[in-house]
Amino acid sequence: MSAPILLDLYCCQGGASRGYADAGWSPVGIDIDPQPRYPFPFHQGDAIEAMATLVRGDSLPFVDPDGQVQHLWLSDITAAHASPPCQARTKAQKIRGNEHPNLIAPTRDLLIKAGLPYVIENVVPENADTDPDPLIDPMMLCGAMFGIETYRHRLFETNFEVEAPEHPVHIFRNTKMGRRPVEGEFMHIVGNFTDPERARRIMSMPWASRDGLREAIPPVYAEHIGRRMLAHVEAVAA
Ligand SMILES: C[S@@+](CC[C@H](N)C(=O)[O-])C[C@H]1O[C@@H](n2cnc3c(N)ncnc32)[C@H](O)[C@@H]1O
């Protein structure tokens, strides 16, 4: 039996997609920018418009890494993951002429309309009390839960049950920006970080550029959620 299809909205270079593939899914990605390093079938376009197209009952074209075009309908898709960019960095504002569009709520609305099991991921907001576009009851994942040398906290909203592994106490220091890492330090993969080769190793993303690494969730986070989501889908189908 072929792997069920998972739509990866706002896929960038595919950190999340890689993890879902490791969990047994067949990812297809959507991003507003061309993503030549993305290693799975890809549709370039606005994620909200693409989801609306599928929900309306129309198909979307995806291009395989080998250049073949396939058309997918909503009924071909079993689940979805979405990583809307944090608001200050979004490019959708250019499209919609909007200063700071909130992408999480409209993405959630479409995922619910589509009737899919879904995951929405985002960074931890600086001030959760004043966040204009919050995740609902999110779970937090940390690299230390998976034995990788970066803390990289990320929040995940899901519409199925999934638990975070136990959160170890942070005992390692982050390497200071611009310095070479000292043995035993963890890596903070943000901004203009040094040593992308080490970041590729830590994240298990050997195909990714510095930009792709900075944006990505470690594939192991998506693998953890993806395994649980697959079990959920199989239990519902049984
Ligand atoms: C935080 S990154 C996603 C990282 C990805 N989950 C990973 O693990 O590699 C957000 C991505 O959203 C894309 N993006 C921004 N606005 C978008 C929109 N309206 N529709 C689709 N993609 C968009 C950006 O180009 C960027 O690649």
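Mentor: Let us begin with pairing: two strands pair if DSSP finds at least two bridges between them. Helices (H or I, at least four residues) and strands (E, at least two) are DSSP runs, numbered from the N terminus.

Trainee: And what sort of model is this?

Mentor: This is a predicted model, in which local features need pLDDT of at least 70 and side-chain atom pairs count only at pLDDT 80 or more, while totals for chains, interfaces and linings use all residues. Residues are numbered from 1 along each chain as its sequence is written.

Trainee: Which residue is the bridge partner of Glu121 in E9?

Mentor: The partner of Glu121 in E9 is Phe156. Four bridges join E7 to strand E9 (residues 154-158), and these two strands run antiparallel.

Trainee: How many bridges join strand E6 to E7?

Mentor: Three bridges join E6 (residues 77-82) to E7, and this pair runs parallel. His81 has Val119 of E7 as its bridge partner.

Trainee: Why is E7 described as largely enclosed?

Mentor: Five of the five residues of E7 (residues 118-122) are buried, so the rest of the structure largely encloses this strand. A residue is buried if 20 or more other C-beta atoms lie within 10 Å of its own, exposed if 12 or fewer, and partly exposed in between, with C-beta atoms placed from the backbone. Both faces of E7 are covered, with Tyr118, Ile120 and Asn122 on one side and Val119 and Glu121 on the other.

Trainee: What about strand E1, then?

Mentor: Strand E1 (residues 5-9) is mostly covered, as four of its five residues are buried. E1 pairs with E2 in the parallel sense over five bridges, and Leu6 stands opposite Pro27 in E2.

Trainee: Let us change topic. Which residues are closest to the ligand?

Mentor: The closest are Tyr10, Cys12, Gly15, Ser83 and Ala216, out of 21 residues that surround the ligand. Helix H1 (15-22) and strand E2 (26-31) are the elements that give two or more residues to this shell.

Trainee: How do H1 and H7 pack?

Mentor: H1 and helix H7 (residues 219-237) pack at an angle of about 45°, with their axes 7 Å apart. They are therefore oblique to each other; angles under 35 degrees count as roughly parallel, over 145 as roughly antiparallel, 65 to 115 as roughly perpendicular and the rest as oblique.

Trainee: And H2 with H4?

Mentor: Helix H2 (residues 47-56) and helix H4 (residues 104-114) pack at an angle of about 20°, with their axes 10 Å apart. H2 and H4 are therefore roughly parallel to each other.

Trainee: Where does Phe40 lie?

Mentor: Phe40 lies in the loop between E2 and strand E3 (42-44). Phe40 counts as buried because it has 21 C-beta neighbours inside 10 Å. Phe40 and Ser17 are 23 residues apart in sequence and 7.9 Å apart in space, C-alpha to C-alpha.

Trainee: One last point: is Asp137 buried or exposed?

Mentor: Asp137 counts as exposed, because it has 8 C-beta neighbours inside 10 Å. Asp137 sits in the loop between E7 and strand E8 (139-141), and its phi is near 45°, a positive value in a residue other than glycine.

Technical notes:
Near = placed C-beta within 6 Å. Axes fitted to C-alpha atoms, helices over the stretch in contact; angles between N-to-C directions.
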